[in-house]
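Trainee: I would like to learn how to read the sheets and the surface of this model. Where do we start?

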Amino acid sequence: MPEGHALHRLAVEHGRLLTGRAVAAFSPQGRFAAGASRIDGHVVKSVEARGKHLLYGFEGFSDRLHVHLGLYGRFQTGDIPAPAPFGALRLRLATENSWLDLRGPSACELLDPAAVHLLTARLGPDPLRVDADPEVAYRRIAKVNTPLGALLLDQSVLAGVGNIYRAEILFRHGISPFRAGSKLDEEHWHAMWRDLVRLMKSGVRTGRIVTTVPGHRDRSRGIPSRADSFYVYQRTGMPCRICRSPIRAGELAARTVFWCPGCQPH
């Protein structure tokens, strides 16, 4: 499942392609045919990301298109003329200049304003949004004994963070993923938040997650390879870049979590 920075990149790209333009909308697959017919011909006025959700607004139309990619959803875009539809194509949006295809999302639906409010109200603050309040997340974290490694993946606590950011931010701050949320002090949380904002903004700019600093990489110069981009994620058994302890892996919140037992003691 794409992490929050990828959805914000999509929001920027789709905003550039669609905003201010009327869209021809249809669902070749048929599963979103009724919804596509309702937005067909409307002008797109906004595209925004909230955590791992995308919301598209239309002029003269109060409902918004909600997309959640889930594990298998993906977008394709290109210039007109669009290729002939094929396969399980849930939605095509086309303007006079470009086309956008959506396949395999876990959600593609129209939401009225009340439903949009319910959706956004159940999400925690998104580090990539200027209106995000880290205090909201901390209040939810500090009152429970749930492990931090599980809380960081809970989208009602923090929106947009996925398995990579979870593992890497905890390592960068020397915190075990198994530490209880109630054991995290507020000053440490705000340091983690500021770091998340920096890392995720970098991900939006570059389209990649890179959490290592040059001095900790096998190759300190040039663009880091994927193998050089992380401290602990998918490095099970490999030596820690800092203390040389073997990186460990386990299951937490139904996902594999990675940590260094030397730098992140329980």
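Trainee: In what order do the four strands of the open sheet run, and is the pairing parallel or antiparallel?

Mentor: Strands of a sheet pair through backbone hydrogen bonds, either parallel or antiparallel. Here the order is 2-3-4-8, with antiparallel pairing. Strands are DSSP runs of E, at least two residues, numbered from the N terminus, and two of them pair if DSSP finds at least two bridges between them. Strand 2 (44–50) and strand 8 (107–111) are the edges, each pairing on one side only. This is a predicted model, where local features need pLDDT of at least 70, side-chain atom pairs count only at pLDDT 80 or more, and totals for chains, interfaces and linings use all residues. Residues are numbered from 1 along each chain as its sequence is written, and side-chain values use heavy atoms, leaving out hydrogens and water.

Trainee: Which residue stands opposite Val47?

Mentor: Tyr56 in strand 3 does. Strand 2 and strand 3 (residues 53–58) pair in the antiparallel sense over six bridges.

Trainee: How many residues of strand 7 are buried?

Mentor: Buried means under 20% relative accessible area, exposed over 50%, partly exposed in between (1.4 Å probe, protein chains only). In strand 7 (residues 98–103), six of the six residues are buried, so the strand is largely enclosed by the rest of the structure. Ser98, Leu100 and Leu102 cover one side, with Trp99, Asp101 and Arg103 on the other.

Trainee: Is Leu71 buried or exposed?

Mentor: Leu71 is exposed, with a relative accessible area of 61%.
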